[in-house]
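The sequence and structure are shown first.

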Amino acid sequence: MSRSRFSLGVTACLLAGLQRELLLAVRSPGNTINPLMFFVIAISLFPLGGGADTVFLSSIAPGVIWVTALLAVMLSMESLFRSDFEDGSLEQLLLSPQPLYFQILAKVFGHWLVTGLPLVLLSPLLGLLLALPAQAYLPLMLGLLLGTPTLNLIGAIGMALTVGLSRSGLLLAVLVLPLSIPVLVFGAGVVNAALNGLPMAGLLAVLGAMLALALSLAPLAIGAALRISVN
Amino acid sequence: MWQWFYKLGSPKYFYDMTSGLLPWLYTITFFLLIVGVVWGLMFAPPDYQMGDNYRIIYIHVPAASLALGAYAMMAAMAAMHLIWKIKMADIVAKVIAPVGGMFCAVALFTGSFWGKPTWGTYWIWDARITSTLILLFIYMGVAALRNAYDSTSAGAKAAAVLTLVGVVNLPIIRYSVDWWNTLHQSASNLSLRAVGANPPEIWIPAFFMGFALLGLFLIAIILRARNEILVREKRTLWVQDLLQNEIEQSREPSHHA
């Protein structure tokens, strides 16, 4: 009976989880800013290493931006569960009466709002640095808007599997990068299609389909993985 | 039928049963291997375009299909372990990962040595090659995740979850790589899928080799699983009895001499 007093509806549970994530992000801004800085710095290395020729840069720009975004999302995963695991709030999350599925969804969505969305908004600027033609900015942003949440969900599976291990950074990359390949292929494909004047609606639809699949299945895998890690 | 299935879930039964099975498996595999290798390498006629180069398919094709099939088997074992907590299923899932990864590597190596004289290059980003490479990465990831855990049971469950995530993802990867490939280069009909188009002298030895490699795969799985059983069950009475017998038997000849 006391249990029902503390249990919230699904919407309230989602909002409470989201609020907590955003509050945590405001109080430790490094977790938000570091992936973005990595994104900008890593992209600026490509002209330095490969030459500043604008034709060359614009030809590699879609792939470079997408690969770097993938790596930035993966590096940002550490802040998703690590501190919660260390201070015990992850155990409370698993013990609470609300459905784990929605709590995880709230957590990953909150994490995406503070790490993935800024990346999407920043991407045209990086396109500019890599001499990407202006007509490709919108496809790039749309692709990243649909693709980065999927990358976040896949990354969260890997993070949930490795959060109980002491040094998991490289292992996370080994697990998550092969699984992220479809998003990368279609995300960069959208930009390339736009550059070549080809229709891109179908590719965006595939990215959306992958997001829908990840939204419905990934939280189940994340929940199962968290239960293994916390035990 | 079900009783047999339940029995197989017991490590001791698996160990005893495979002790009887292995000699048969050795004999059959050896026979298939000899017939397949001798027929395929010496008597099968050379291809009119590729000459003798094509003979590598006798190893390449079975290795590639086993690499895929092994993943399906690993996933079935992972699901069985997660759902019914069958110990034996996890042991088999564990030992498949390195063996399946090895078959991937064999398929990639033989493919690239076939590609050098035939296509003029060791490596191209063909859809099949790329997805086999990604499959190898996923095998390595599953094995690496399991090894990273100190606790056997937690590592087993984590590897099982990752294996099942991979099952959902592998068809999507395959599809996306196919799509990506048609975008980047014109489709080239490189496959040897049309078995019927080749004369029987070429594809009958291929069947022998297919079953021979399946036999080798099963032998590798069973030997590794038996080893894993002995390690995990080392504190049980039957393993200690078994080891005691082995020690006594190995002493006997020197005793007589």
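## Contact between the chains

In this predicted model, 20 residues of chain A are in contact with 23 residues of chain B. On the side of chain A that touches chain B, at least two residues each are supplied by α8 (137-162), α9 (169-179), α10 (181-195) and α11 (201-230), and the largest share, six residues, comes from α11(A). Sorted by class, this side of chain A consists of 18 nonpolar and two polar residues, with no charged residue.

## The nonpolar core

The largest nonpolar core has 133 residues, and those with the most contacts inside it are A156(A), I157(A), A160(A), A225(A) and V161(B). Helix α3 of chain B, which spans residues 57-84, gives the most to this core, with 15 residues.

When its neighbours within four places in sequence are left aside, A160(A) is in contact with F81(A), I222(A), A225(A), L226(A) and S229(A).

## Packing of α2 and α7 in chain A

Two packed helices are described by the angle between their axes and the distance between the axes. For helix α2 (residues 10-27) and helix α7 (residues 100-129) of chain A, the axes come within 8 Å and cross at roughly 35°, and the crossing of α2(A) and α7(A) is right-handed.

On α2(A), the residues that make the contact include V10(A), L14(A), L18(A), E21(A) and A25(A), while those on α7(A) include F102(A), A106(A), K107(A), F109(A) and L113(A). Taken by class, the contact of α2(A) with α7(A) has twelve nonpolar, four polar and two charged residues.

Notes
Residues are numbered from 1 along each chain as its sequence is written. Chains are lettered from A and ligands numbered from 1 in the order in which they are written. This is a predicted model: local features need pLDDT of at least 70, side-chain atom pairs count only at pLDDT 80 or more; totals for chains, interfaces and linings use all residues. A nonpolar core is a set of buried Ala, Val, Leu, Ile, Met, Phe, Trp, Tyr and Cys residues joined through C-beta atoms within 7 Å. A residue is buried if 20 or more other C-beta atoms lie within 10 Å of its own, exposed if 12 or fewer, and partly exposed in between; C-beta atoms are placed from the backbone. Helices (H or I, at least four residues) and strands (E, at least two) are DSSP runs, numbered from the N terminus. Two residues are in contact if their C-beta atoms, placed from the backbone, lie within 7 Å. Ala, Val, Leu, Ile, Met, Phe, Trp, Tyr, Cys and Pro count as nonpolar, Asp, Glu, Lys and Arg as charged, and the others, Gly among them, as polar. Axes are lines fitted to C-alpha atoms, for helices over the stretch in contact, and angles run from 0 to 180 degrees between N-to-C directions. A crossing is left-handed if the near helix is turned anticlockwise from the far one by less than a right angle, and right-handed if clockwise.
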